[in-house]
Amino acid sequence: MAKMTVEFDRCKGCGLCTTACPKGIVKLQQEKLNKKGYYTAVCIDEEKCIGCAFCAMMCPDCAITIGGGDGK
Amino acid sequence: MSELTLMKGNEALAEAAIRAGCKCFFGYPITPQTEISAYLSKRMPKVGGVFLQAESEVAAINMVYGCAGSGIRCMTSSSSPGISLKTEGISYIAGADLPCVIINVQRGGPGLGGIQPSQADYWQVTRALGHGDFHVLVFAPSTVQEMADTVQKAFDLADKYRMPAVILADGLLGQMMEPVAFDEDAEIKMSDASNKPWAATGHKNQRKHNIINSLYLQAEELEEKIRNRFERYEQVKANETMAECYKTEDAEIVVAAYGSTARLAKSAVELARKEGIKAGVFRPITLWPYPVNELNEACKNAKKVLVTEMSMGQMVDDVKLALNCRIPVEFVGRTGGVIPSPAEILNKIKEMGGDK
Amino acid sequence: MPEFKRPHALCDVPLHYCPGCTHGIVHRLVAEVIDEMGIEGDTIGVCPVGCSVMAYDYFNCDMLEASHGRSPAVATGIKRANPDKFVFTYQGDGDLAAIGTAETVHAATRGENITVIFINNTTYGMTGGQMAPTTIPGQITQTTPYGRNINVEGFPVKVCEMLSQLDGVALAERVTVIDPKSIMNAKKAIRKGFEFQKNKQGFSIIEVLSTCPTNWGKTPIEAIQRLKDEMIPYYPLGVFKEGAVR
């Protein structure tokens, strides 16, 4: 299992990452605004993440990192 | 060690640049300075330097910006209309605190004007060589030898104060041939960026990245940058003025003139002296900073000052400012490329009461 | 499984661009190529006037800020004095294809060994969305409120097509960054440009079709769609010229 991490305050909520995820598990959360005033991207089902990094590639703010290995 | 060679002023400037370690020259053809480009296109490849003919004066000055930003001594040259095109780049160079040398072999203006010698760019070079609050060093040689000597000085002071230096010549000086001496034993060594830690040379993973820039969106930050620059200008004013005084010790009429006009002024003063008129010549060599103290010293016995220029009267403003209107200042000049004769200057000296 | 993180050549600072603006993607691709080639310490970048004016704060290599349109001349000055350094410019469409046309064409035809990253988003972004030299016929901008009229404003400049006619050009390629596949392709093109430069084989330009959601009045996702629907048909992707010129 890979781990997608979004740098909370750097995300501008543009949503481009949500279009890139082949598993459809990247969404914009609607609960908490960051300090810039955006609802940020989150991975809603980490179990399904295959670590393809498409979301990170699509991010114009370099706010997404993908954790390496299995984390094990 | 130094043999006299007969050279055109433009060629002397070019050779002197190489000897000052100018590694790159970026030019664009325009009369009456094209010999500089022609000379350097021959010489530069032989000494490991770079000659490049740009697509415009605008491009040439921006090549200078890039090259100077990487810490390398470089130069461009042009004549009046071309200098106008360069002013954008010069403003950026000044705003980024970069050293370089720019040569203006002046011709008549405005517009396309003419191709004969002129001094009508004095206001431009001392007041507004681009937008914004800044100065450039301005040197005004009056002989071919001095053209050559000034180039080294211009590069050294440009580096020392991190600002552009302009050599303000004119078509007469650029085209005339005179004997000139270079130190034949001196080694020709192209400059590098080794003593310029601020330069964009590639950080080699050994320091933070350097940024060459003139943009400061915070007004207070921009103001501080400008104030710091003007503090540096005060040092330049205090330490770097240059002038020549010729027979001013007892002069009752001082003729102030620069560049090739100063040569005519000297001839006129010689004629005046033959007629018993106590006249002398004050010749500023730096036009910015203006040699204010030197002028006042030269005028200590003067009753009147005559300014002569190949323009409608531009430096005359600086003379009045420098003298603080203590002494009456008059003007005689020709414009549009017409060279005044010593007799015209002499007549004015007489008219001013110098024959009484 | 490989990690994905910010390349070292991209400074660890927030970017000032609008949400969804693709400048950030292109910045990262250039930085990734610099990292992968191991050339950060020998690279000097030149940034333009436009939205990416402050790119000097984003790239970790030495940077110069040029006046509007003059980046290729500035890059020429750096490169001629330092032929062994890597020099790239990063320019928008107004900068490169309007005010800087002469500098662009002549750096290209001289075969300057520099790499030009050209962002084409069909508008002047920073000044608020005026007509650019690449604005498509019919496109509404702040200064073409009725749509670009070819009888009044004329036609757009197709930069890659134009430059591909010049002998000094080693690479003229148009790419985009609208999905992971096109992003990977864009990165390959940028890498090619830097490789041509490394081998002193001529001028390289990578035109990146980009979005400007703010000035197009679209959401970032709608902007990507507009790029696909309107820009790519007018500005076809692909290689227009490739091959060492010396």
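1. Between them, chain C and chain B of this predicted model bury about 2,600 Å², with carbon and sulfur atoms accounting for 57% of that area. Three residues, C:Tyr56, C:Asp62 and C:Arg80, supply 20% of what chain C buries against chain B, more than any other three residues. In residue terms, the contact draws 35 residues from chain C and 35 residues from chain B.

2. The rule finds 23 residue pairs in polar contact across the interface of chain C and chain B, both partners being at pLDDT 80 or more. Four salt bridges are found across the interface of these two chains. One of the salt bridges links B:Lys204 with C:Asp42, where the closest N and O atoms lie 2.7 Å apart.

3. On chain C, the side that touches chain B receives at least two residues from each of strand 1 (43-47), strand 2 (62-65), helix 2 (71-81) and helix 4 (101-109). Helix 2 of chain C provides the largest share of that side, seven residues. Sorted by class, the side of chain C that touches chain B comprises 15 nonpolar, nine polar and eleven charged residues.

4. Strand pairing also occurs between the chains: strand 9 (residues 211-212) of chain B is joined by two bridges to strand 2 of chain C, and the two strands run parallel. Within this pairing, which residue of strand 2 of chain C stands opposite B:Ile212? The residue concerned is C:Leu64.

Technical notes. Residues are numbered from 1 along each chain as its sequence is written. Chains are lettered from A and ligands numbered from 1 in the order in which they are written. This is a predicted model: local features need pLDDT of at least 70, side-chain atom pairs count only at pLDDT 80 or more; totals for chains, interfaces and linings use all residues. Side-chain values use heavy atoms; hydrogens and water are left out. Contact means heavy atoms within 4.5 Å. Buried area is the accessible area (1.4 Å probe) that two parts lose on being put together, summed over both. A salt bridge is a side-chain nitrogen of Lys or Arg within 4 Å of a carboxyl oxygen of Asp or Glu. A polar contact is a pair of N or O atoms within 3.5 Å; within protein, one must be able to donate a hydrogen and the other to accept it, and residues adjacent in sequence count only if both atoms are side-chain atoms. Helices (H or I, at least four residues) and strands (E, at least two) are DSSP runs, numbered from the N terminus. Ala, Val, Leu, Ile, Met, Phe, Trp, Tyr, Cys and Pro count as nonpolar, Asp, Glu, Lys and Arg as charged, and the others, Gly among them, as polar. Two strands pair if DSSP finds at least two bridges between them.
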